[in-house]
Amino acid sequence: MLAHVKPASWPLIATIGAIAISPLLVLTTAQGAFYNLWLAVMTVALWMAQRLTRREIGIAIGDPRSYLIALAYAVGIIGCVAVGAWAAQLIELKDYSATTAFRRLTLNFLVTFVLALVTEEGFFRGALWGSCERAGLSPAKTVIWTSLAFGLWHFAVPIIDPDFAQPLSKVPQYVIGSTAFGVAMGLLRLRSGSIIVPSACHALWNASVYTFFGAGEKMGQLGIADSSIWDPERGYAGLVLAMLVAALLWWWIKPSAVPSSTSQVSTA
């Protein structure tokens, strides 16, 4: 039966499957881990159903410069937000512990890298990306499709996940920020031809943000109590910077100028 599904239909089927089933699994089982782990199932299913190649999935090491861009992305945005919080006198270091911060940063990075590789990046920048290519989408449209899917998949996270709980009024901001982040990760995937590069960036981002700024209602090591503005994920400053950097990367990498048959970009 799956053999009769047209290639053009797979991106839509996979996107709906990810966005709809992830929250349903959590609501019906009360197991939050299923939200992400379902993406691993979707990745394998899509991979097998379409017989995607290693190139289409993005199984490659990637080039050194792409890793540097990934590092600059995370450090640049998070660093700017931290400087802004410091200028606004929001940082409170009375409970700061360098040992605790280093331990959390290291552990969060390692755990997130593995999980992102097999779930979020493995699906959105891997299997779904390859499916979009099979459907004939251009590199630019592939970046847009996978980024919108990534953003919409995050819609239910602050609503049903206690660790990332936010007021309903903040959910649109969270989705837009996730979409902008998805654009950046998609452009890293396009440039490097690898899902490992965006996975490393994703891991560094999550580890740094959750260690120093916190998540949901939890406060990070910087002791910032008000996250409404100076926070990389929950604040407006982080949202604006994420959108600006995504636009800058789009202008620099120029996905609309990349041939559809090419998944790696050479930039000067």
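A nonpolar core is a set of buried nonpolar residues such as Leu, Phe and Trp, joined through side-chain atoms within 4.5 Å. In this predicted model, the largest such core has 55 residues, and Tyr73, Phe123, Phe124 and Trp205 have the most contacts inside it. Two or more residues are given to this core by each of several helices, among them α1 (10–29), α4 (64–87), α6 (120–134) and α10. The most comes from α9, with nine residues.

Helix α10 spans residues 196–212 and includes Ala207. Ala207 counts as buried because its relative accessibility is 0%. Residues up to four places away in sequence aside, Ala207 touches Leu105, Asn108 and Phe109. Ile176 lies 31 residues from Ala207 along the chain, and the C-alpha atoms of the two are separated by 20 Å.

By class, the lining of the largest pocket holds 23 nonpolar, 15 polar and six charged residues.

The second largest pocket has a volume of about 190 Å³. Among its 14 lining residues, Gly216, Glu217, Ala225, Ser227 and Arg234 are the closest to the centre. This second lining divides into six nonpolar, four polar and four charged residues.

Methods: Residues are numbered from 1 along each chain as its sequence is written. This is a predicted model: local features need pLDDT of at least 70, side-chain atom pairs count only at pLDDT 80 or more; totals for chains, interfaces and linings use all residues. Side-chain values use heavy atoms; hydrogens and water are left out. Helices (H or I, at least four residues) and strands (E, at least two) are DSSP runs, numbered from the N terminus. Buried means under 20% relative accessible area, exposed over 50%, partly exposed in between (1.4 Å probe, protein chains only). Contact means heavy atoms within 4.5 Å. Ala, Val, Leu, Ile, Met, Phe, Trp, Tyr, Cys and Pro count as nonpolar, Asp, Glu, Lys and Arg as charged, and the others, Gly among them, as polar. On a 1 Å grid over the protein atoms alone, a cavity is a set of points where a 1.4 Å probe fits but cannot get out, and a pocket is an open set with protein on both sides within 12 Å along at least five of seven lines; lining residues have an atom within 4 Å of a point. Grid points are joined across faces, edges and corners, and a volume is the space filled by probe spheres set on the points.
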